[in-house]
Amino acid sequence: MKKLIIAIGLSFAAITLPGLATAQAATTQTSKMTQCNADAKAKGLKGEERKKFMKECLSAKVAEPAKPAAAEKKAMPATHEGKKLTAQQEKMVTCNADAKTKGLKGEARKTFMKECLSNKK
């Protein structure tokens, strides 16, 4: 039963996390487009000048918001959609993030997750 719960939790995390990153990227790109458009309009650019400006503006890197340090992450209570996670769920999130950071896949990831989740904390 425990293995089933762990498998479901990991599946949920694997499905949900990439979707969140994609949604944030779309929002960032949309806000970037809005800002570049407003700047081009304020400068009164038209035709080829506007095209060139928009291309340069949209291809410029946007500074990402600062991410909390590892110590701060541990201090913050883990939540999902406003619900506090259980200790086991927090452990699953942490182990999953560690495995992703280490770039583990296949059997190596499976072994790492098994060891990480079985550690008593």
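**Labels and their grounds**

Analyst: Glutamine 88 is found in helix H4; helices are DSSP runs of H or I with at least four residues, numbered from the N terminus. This is a predicted model: local features need pLDDT of at least 70, side-chain atom pairs count only at pLDDT 80 or more, and totals for chains, interfaces and linings use all residues. Residues are numbered from 1 along each chain as its sequence is written, and side-chain values use heavy atoms, leaving out hydrogens and water.

User: Why does glutamine 88 count as partly exposed?

Analyst: Its relative accessibility is 34%. Buried means under 20% relative accessible area, exposed over 50%, and partly exposed in between (1.4 Å probe, protein chains only). Therefore glutamine 88 is partly exposed.

User: Which residues does glutamine 88 touch, not counting those up to four places away in sequence?

Analyst: Ile6 and Leu117. Contact means heavy atoms within 4.5 Å.

User: What makes the buried residues of H2 line one face of the helix?

Analyst: The buried residues are Phe53, Met54 and Cys57. Seen down the axis of H2, they fall within an arc of 100°, so they line one face. The arc is taken over the directions from the helix axis to the C-beta atoms. The face turned away carries exposed Glu48, Lys51, Lys52, Lys55 and Ser59.

Definitions and conventions:
Helices (H or I, at least four residues) and strands (E, at least two) are DSSP runs, numbered from the N terminus.
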